[in-house]
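User: I would like to go through some of the labels given to this model. For each one, please set the value against the cut-off and conclude.

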Amino acid sequence: MNKYCIIRLEKVKSWTELQARARHNNRTSKIRETDTYDVSKSAANEILRPENVKNPGAIKAAYDGYMSKLSRKPRPDAVRAVEVVGTFSKEVQDILSPDDQKKYFQDSIQHLNDKFGEDNFFGGWLHFDEETPHAHLFYIPIDTNNVLNFKGFMHGKNAFSQCQTDFYEQVGQKYGLDRGEIKEEKKQHVDVKTYKKELLF
């Protein structure tokens with residue numbers, strides 16, 4: 001039986017992309033053929049932050065608040081956010097009770113806040129309306145100099161692997177899970193015009 005603890009990290013390169021992901025996580029975007037969630041179960045989902053995140057103005061204000069902290073203008077190619085998806089193997093649902101699954105996600109968030117800084121925790125969603133429960137957590141990579149600095153979050157070429165190891169040792173192991181795999185997923189490019197047409201608030 002597979003019983004892995006799993007995290008994925010993805011770079012978010014623009015506000016447009018971040019906004020589109022937030023809308024999907026809020027379940028406020030139009031359902032597409034590629035969506036895999038069950039609308040009848042979406043009421044069980046949880047929004048962790050920011051407050052009033054379903055309000056377009058609220059999420060933009062929250063993002064602008066982070067940008068106002070910066071000591072210098074970001075480079076055009078700067079990573080604007082890091083999305084961490086935390087989950088576990090499908091079979092783990094037969095091992096952990098619903099309460100333990102929620103505790104697992106709470107511990108996951110605490111671990112990642114300790115790692116990336118709670119002040120950088122921009123937004124979070126728990127989804128229970130798909131095949132396997134999971135968390136979407138967004139961090140704005142602001143370093144101690146108030147600069148957008150993704151490399152400051154992930155040090156060195158082995159950083160992703162080490163991140164998975166740390167997650168296993170400090171979270172997964174507590175729940176009897178095994179070390180999973182981590183990868184930085186490559187996303188298919190979607191042009192800005194398409195985002196504005198289909199995904200923006």
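**Labels and their grounds**

Analyst: Asp-119 sits in the loop that joins helix 3 (98-116) to strand 4. The model is predicted.

User: Why is Asp-119 called exposed?

Analyst: The relative accessible area of Asp-119 is 62%. Exposed means over 50%, so Asp-119 is exposed.

User: Which separation is computed between the C-alpha atoms of Asp-119 and Tyr-66?

Analyst: They are separated by 9.4 Å, and the two residues are 53 apart along the chain.

User: What makes Phe-121 and Tyr-139 a stacked pair?

Analyst: Two values decide. The ring centres lie 5.2 Å apart, and rings pair if their centres lie within 6.5 Å. The planes of Phe-121 and Tyr-139 are at 25 degrees, and planes under 30 degrees apart count as stacked. The pair is therefore stacked. Phe-121 belongs to strand 4 (residues 121-127) and Tyr-139 to strand 5 (residues 134-139), 18 residues apart, so the pair links distant parts of the chain.

User: How do you know whether Phe-121 and Tyr-139 count as buried or exposed?

Analyst: Relative accessibility is 4% for Phe-121 and 0% for Tyr-139. Buried means under 20%, so both residues count as buried.

User: How many aromatic pairs does the structure hold, and which residues form one aromatic cluster?

Analyst: There are 13 aromatic pairs. One cluster is made up of Phe-88, Tyr-104, Phe-105, Phe-128, Phe-167 and Tyr-175.

User: What makes Lys-102 lie over the face of Phe-128?

Analyst: Lys-102 is at 5.8 Å from the ring centre of Phe-128. The cut-off asks for NZ of Lys within 6 Å of the ring centre and within 35 degrees of the ring normal.

User: Why are Cys-5 and Cys-163 called buried?

Analyst: The relative accessible area is 0% for Cys-5 and 1% for Cys-163. Buried means under 20%, so both cysteines are buried.

User: Which residues lie nearest the centre of the second largest pocket?

Analyst: They are Arg-75, Ala-78, Leu-148, Asn-149 and Phe-150, from a lining of 16 residues. That lining divides into seven nonpolar, one polar and eight charged residues. The space in the second largest pocket is about 360 Å³.

How values were computed:
Residues numbered from 1 in each chain as written. Predicted model: local features only at pLDDT ≥ 70, side-chain atom pairs only at ≥ 80, totals over all residues. Heavy atoms only, no water. Buried < 20%, exposed > 50% of the residue type's maximum accessible area, 1.4 Å probe, protein only. Phe/Tyr/Trp six-rings, centres within 6.5 Å; stacked < 30°, edge-to-face > 60°. Helix = DSSP H or I, 4+ residues; strand = E, 2+ residues; numbered from the N terminus. 1 Å grid on protein atoms, 1.4 Å probe; cavity = no way out; pocket = protein on both sides within 12 Å on 5 of 7 lines; lining within 4 Å. Points joined across faces, edges and corners; volume = space filled by probe spheres on them. Nonpolar A, V, L, I, M, F, W, Y, C, P; charged D, E, K, R; others polar.
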